[in-house]
Amino acid sequence: EPAVIGTGVVETSHPCGRTWVEWLQEAGFSSVRGTHEGSRGALVMYDWMGEAHRPLDIAGVDNSVRPAVELAVSLECPLSYDPRITAVK
(Lines give C-alpha, C1' and ligand atoms only; values in the text may rest on other atoms or scores of the structure.)
Protein backbone atom coordinates (compact mmCIF):
# COMPACT_ATOMS: atom_id res chain seq x y z
CA GLU A 1 0.00 0.00 0.00
CA PRO A 2 1.53 3.35 -1.01
CA ALA A 3 2.33 5.92 1.67
CA VAL A 4 1.58 8.89 -0.61
CA ILE A 5 -1.87 8.92 -2.12
CA GLY A 6 -1.78 12.34 -3.79
CA THR A 7 -0.02 15.65 -4.07
CA GLY A 8 -1.04 19.23 -4.57
CA VAL A 9 0.43 22.69 -4.98
CA VAL A 10 -0.71 25.71 -3.03
CA GLU A 11 0.56 29.16 -3.90
CA THR A 12 0.28 31.83 -1.23
CA SER A 13 1.26 35.46 -1.14
CA HIS A 14 1.09 38.28 1.33
CA PRO A 15 0.67 42.00 0.65
CA CYS A 16 3.76 44.09 0.02
CA GLY A 17 4.63 47.13 2.13
CA ARG A 18 2.97 49.57 -0.29
CA THR A 19 -0.30 47.65 -0.09
CA TRP A 20 -0.24 47.60 3.73
CA VAL A 21 0.39 51.35 3.79
CA GLU A 22 -2.55 51.98 1.44
CA TRP A 23 -4.87 49.74 3.49
CA LEU A 24 -3.89 51.33 6.79
CA GLN A 25 -4.31 54.84 5.40
CA GLU A 26 -7.75 53.87 4.05
CA ALA A 27 -8.59 52.53 7.54
CA GLY A 28 -7.93 55.97 9.00
CA PHE A 29 -4.40 55.77 10.38
CA SER A 30 -2.87 59.25 10.49
CA SER A 31 0.73 58.14 10.10
CA VAL A 32 1.88 55.03 8.25
CA ARG A 33 5.47 54.35 7.23
CA GLY A 34 7.98 51.64 6.72
CA THR A 35 10.54 51.31 9.50
CA HIS A 36 13.66 49.29 10.11
CA GLU A 37 13.37 46.21 12.28
CA GLY A 38 14.14 46.79 15.97
CA SER A 39 15.13 43.19 16.64
CA ARG A 40 18.12 43.47 14.31
CA GLY A 41 19.29 46.57 16.14
CA ALA A 42 18.91 44.74 19.45
CA LEU A 43 20.85 41.72 18.20
CA VAL A 44 23.71 43.83 16.88
CA MET A 45 23.89 45.80 20.12
CA TYR A 46 23.78 42.65 22.25
CA ASP A 47 26.50 40.95 20.20
CA TRP A 48 28.60 44.10 20.27
CA MET A 49 28.61 44.18 24.09
CA GLY A 50 30.73 41.08 24.42
CA GLU A 51 30.11 38.27 26.86
CA ALA A 52 31.79 39.96 29.83
CA HIS A 53 29.51 43.03 29.61
CA ARG A 54 26.17 41.42 28.80
CA PRO A 55 23.43 41.78 31.42
CA LEU A 56 22.25 38.64 33.21
CA ASP A 57 18.52 39.39 33.47
CA ILE A 58 15.76 40.47 31.10
CA ALA A 59 15.46 43.95 32.64
CA GLY A 60 19.17 44.51 32.06
CA VAL A 61 18.93 43.29 28.47
CA ASP A 62 15.94 45.57 27.88
CA ASN A 63 17.74 48.60 29.31
CA SER A 64 20.87 47.84 27.31
CA VAL A 65 19.36 47.30 23.86
CA ARG A 66 16.37 49.68 24.07
CA PRO A 67 18.30 52.66 22.61
CA ALA A 68 19.32 50.65 19.54
CA VAL A 69 15.78 49.36 19.05
CA GLU A 70 14.23 52.81 19.43
CA LEU A 71 16.70 54.22 16.90
CA ALA A 72 16.06 51.43 14.39
CA VAL A 73 12.28 51.75 14.49
CA SER A 74 12.48 55.55 14.24
CA LEU A 75 14.37 55.38 10.93
CA GLU A 76 12.16 55.31 7.87
CA CYS A 77 12.78 52.38 5.53
CA PRO A 78 11.89 52.46 1.82
CA LEU A 79 8.72 50.50 1.04
CA SER A 80 10.58 48.76 -1.79
CA TYR A 81 12.39 46.76 0.95
CA ASP A 82 9.02 45.41 2.13
CA PRO A 83 9.78 46.60 5.69
CA ARG A 84 7.93 46.43 8.97
CA ILE A 85 5.13 48.98 9.05
CA THR A 86 4.58 51.46 11.88
CA ALA A 87 1.09 52.93 11.98
CA VAL A 88 -0.40 55.52 14.35
CA LYS A 89 -4.20 55.90 14.52
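The answer below begins with the pocket and then turns to side-chain contacts.

Modeller: The model is predicted, with pLDDT of at least 70 needed for local features and 80 or more for side-chain atom pairs, whereas totals for chains, interfaces and linings use all residues. Numbering runs from 1 along each chain as its sequence is written, and side-chain values use heavy atoms, without hydrogens and water.

Glu37, Tyr81, Asp82, Pro83 and Arg84 lie nearest the centre of the largest pocket, whose lining comprises 14 residues. A pocket here is an open set of points on a 1 Å grid where a 1.4 Å probe fits, with protein on both sides within 12 Å along at least five of seven lines; a lining residue has an atom within 4 Å of a point. The space in this pocket is about 270 Å³. Two elements, α1 (17-26) and β2 (84-88), each give two or more residues to the lining; helices are DSSP runs of H or I with at least four residues, and strands are runs of E with at least two. By residue class, the lining holds 6 nonpolar, 4 polar and 4 charged residues.

Helix α1 also carries Trp20 and Trp23, which stand 3 residues apart and so are separated by about one helical turn. They form an aromatic pair, edge-to-face, at 5.4 Å centre to centre with 75 degrees between the planes. Such a pair requires ring centres within 6.5 Å, and edge-to-face requires planes over 60 degrees apart. The structure holds 1 aromatic pair. Trp20 is partly exposed because its relative accessibility is 38%, and Trp23 falls in that class at 43%; partly exposed lies between buried, under 20%, and exposed, over 50%, with a 1.4 Å probe.

Strand β1 (residues 31-35) includes Thr35, which is buried because its relative accessibility is 3%. The side chain of Thr35 makes a polar contact of 3.1 Å with that of Thr86, where a polar contact is a donor and acceptor pair of N or O atoms within 3.5 Å.

Elsewhere, the charged end of Lys89 sits over the ring of Phe29, 5.0 Å from the ring centre; this requires NZ of Lys within 6 Å of the centre and within 35 degrees of the ring normal. Helix α2 (residues 38-49) contains Ala42, a residue buried at 16% relative accessible area. The C-alpha atoms of Ala42 and Val65 are 5.1 Å apart, although 23 residues separate the two along the chain.

Methods
Points joined across faces, edges and corners; volume = space filled by probe spheres on them. Nonpolar A, V, L, I, M, F, W, Y, C, P; charged D, E, K, R; others polar. Phe/Tyr/Trp six-rings, centres within 6.5 Å; stacked < 30°, edge-to-face > 60°.
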